[in-house]
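Got the model loaded and a selection box ready? Let's walk through it stop by stop.

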Amino acid sequence: MLVKNFLDRLYKSQSAIYRIFLFICTTALIVYLFPKGGIFKYEFTKGKPWQYENLYAPFDFAIAKTEEDIDVEKKRITDNVIPYFQYDTIIANTAKDAYDATFSNYLKVINQSSARDQAKLFGRILLNDIYRYGVLQETYSYNNKRQIFLNRGNKAEAITYSQILTPNALTKLINSRIDKSEYVKFKSDFVAIFYDLIKPNVQLNKKLTETTLENELAKVLTTRGGVSRGSRIIAKGEVVEGDKLQILNSLKAEYESQVWSDKNFYWIVLGYCLLVSLALMMLLLFIRKYRTDIYENNTQVTFIFFNILFMVLVTTLVVKYRSNYIYVVPLCILPLVLKAFFDSRLGLFTHVITVLILGFVVPNSYEYTFLQIIAGIVTILTISESFKRANLFFSVGQITFIYIFAYISFHIIHEGSVSNIDWSTVVLFVISGFATLIVHPLIYAYEKLFGLISDVSLLELSDTNSSLLKELSNKAPGTFHHSLNVANIAEAAANEIGANAMLVRVGALYHDIGKMENPTYFTENQSASGNAHDVLSPKESAKIIINHVIRGIEIAKKNNLPDRVIDFIRTHHGTSTVYYFYTKEKESNENVNIEDFQYPGPKPFSKETAILMMSDSVEAASKSLKNPTSSLIDSFVEKIIKKQMEDGQFLNSNITFKEIQQIKKVFKRKLTNIYHLRIEYPE
């Protein structure tokens, strides 16, 4: 017995157990995605005063250089690194060895042996001078006075870049030496000799030069000096800028690296878990208090938590790999999606909770939180009827403008001017705006994945030219006309009390599609020739009437209508009785079973389904009115809805007496307009 009671309680609590499991899993996954590092306990911003008490160094630490300082130092090293050039001795020796034979071929005109020997010696000296430091294979953009190393085998000689001959310098050297010598009349012959002999034999040793540069860059220190434990870093009220800012950034980095250690790993994870769970708990409590229907629907709660987790995942990945691109993440997709499926208030609250969670991991958390919350508010305020493409474009434009406006404002506070704005960040905001436009395909994917329905899909379903509604108008034209009237009345009532008017309209259009199975058995489709129920017993007639609900559900599922639309088909008669045939059966059978004449239900379980039930009953019954007047319509509407309330049809629909009164006023006004009632003027 105890086991049975336990299992019964477990079964009844399975929905709550699932939400607890979802809550724990989401918290664990978010904390797992967080970067593994501690959080500095002080918030500071460049250009603003230090808000806390005097800060003293809690331990010894080095002052980190700024990225700009390190870049400047690396550039200086890159500009001044000594390049290595490789001297090819084989090419030089080959030229020298071939000189005697080449000389003999070109200078045969010199007959005297002594003169020939002197000329040959002149050429050999010039050739040796040319290959003393060699000839470059290509020119480089080095300064002529730039020191270089010239490698000959295993030895490196320090020379200047100008000492190696470029092709132009080689030509000038040869011409100059010959012009100043006694052999100027043989200039063309000597030039021809050197043209044949001299080959470039020096080139840059890129591998050795790059290795040397890498070794020098590796020696660049990322710190400059240090701060001793107990020394004052900054006093209260001092402006955070210059060296103070750099020292604070160094302390923050050192603190975060020291705090996250094996010793206190689990304590920090516990702290993260508590804070994240607190934020998610606030969201759950908000949903439970203000959106009970969503809270009781585990699919919708899962959908909300999934979107939060997805945004945290994308943002933490960007923070981990490219933190400078943090603003490219289109976080405003979150309120857009939630507003499309639920409402503005839930979308904004969820967005704020998500931004607060991300504040743990993003750089400049205050600036990021401010920008994203403001952008979320603008998203909710500007987007309306998101199924209209122009509205989405206008909203995205306004969101992007607010991002840029707020960013420039923060920059002015930090820098005191607008002269050095980082325009690349502005570009990121523009990219984020364009990325927000993927919300439409994302909504479509969510509809298929979670079985939800958005205004975009509702708009498509409300098209009376759709195949299913066309089939209804062809097979049951009276029912189709009835559905249109119900849709108009129900939509007006939903607008009056702030319900989902688009959803009610679509539900009204499809609520009677089951009548296509046997259209002539329903009054609105019958002609004057006769009534098909005349040959049936009351019980059989009631069964056909009741079955239009079940048949409608089957047709809807076959045509892939969303579950939220099928809910209107399922509940639009609730558990009411087919009273006409029940009374007729009772005339001949006192022991009639009323259950044979009742719809299977369920009763309406939302404001929208309750509105449809009232609209359907009022519109259908209004066809029986003869010579309707305003007073007759008033009493007629009151009577029908009072009967439904007495039967308890609205107990599960979360609708108030005040809202029902407002709905009745709309019905009376609409029916008065339908029947074109006017004031009776005296004759």
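Start by selecting N560, which sits in the loop between α24 (538–558) and α25 (563–571). (Helices here are DSSP runs of H or I with at least four residues, strands are E runs of at least two, and numbering goes from the N terminus.) Its phi is near 60°, a positive value in a residue other than glycine. N560 is exposed, with a relative accessible area of 67%. (Buried means under 20% relative accessible area, exposed means over 50%, and partly exposed is in between, using a 1.4 Å probe and protein chains only.)

Before moving on, some ground rules. This is a predicted model, where local features need pLDDT of at least 70 and side-chain atom pairs count only at pLDDT 80 or more, while totals for chains, interfaces and linings use all residues. Residues are numbered from 1 along each chain as its sequence is written, and side-chain values use heavy atoms, leaving out hydrogens and water.

Next, select α25. Which of its residues are buried? They are V565, I566, D567, F568, I569 and T571. Their cover includes α20 (455–461), α23 (501–510), α24 and α27.

The cut-off for a salt bridge is a side-chain nitrogen of Lys or Arg within 4 Å of a carboxyl oxygen of Asp or Glu. R551 lies in helix α24 and E517 in the loop between α23 and α24, so the pair ties together parts that are 34 residues apart in sequence. R551 is partly exposed at 29% relative accessibility, and E517 is partly exposed at 43%.

Now show E491 and R505, another salt bridge (3.0 Å, N to O). Here E491 is in helix α22 (residues 477–497) and R505 is in helix α23, so this pair links parts 14 residues apart in sequence. R505 is buried, at 18% relative accessible area, whereas E491 is partly exposed at 25%. While you're at it, select D512, K515 and E524: these are linked in a network of salt bridges. The structure holds 21 salt bridges.

Jump to P602, in the loop between α26 (579–588) and α27 (607–622). A cis peptide bond joins G601 and P602, with omega about 5°.

From there, head to K607 and E659, whose side chains meet in a salt bridge (2.8 Å, N to O). K607 is in helix α27 and E659 in helix α29, so the two tie together parts that are 52 residues apart in sequence. Is E659 buried or exposed? E659 is buried, with 11% relative accessible area.

Now go to I30. In the largest nonpolar core, which has 66 residues, I30 is among those touching the most other members, along with F303, I304, F305, V337 and I357. (Such a core is a set of buried Ala, Val, Leu, Ile, Met, Phe, Trp, Tyr and Cys residues joined through side-chain atoms within 4.5 Å.) A second, separate core of 38 residues includes L458, M502, M516 and Y582.

Finally, zoom out. The protein has 29 helices and 8 strands. The C-alpha atoms fill a box of roughly 155 × 70 × 70 Å, taken along the principal axes. Of the 683 residues, 43% count as buried.

How values were computed. Contact means heavy atoms within 4.5 Å.
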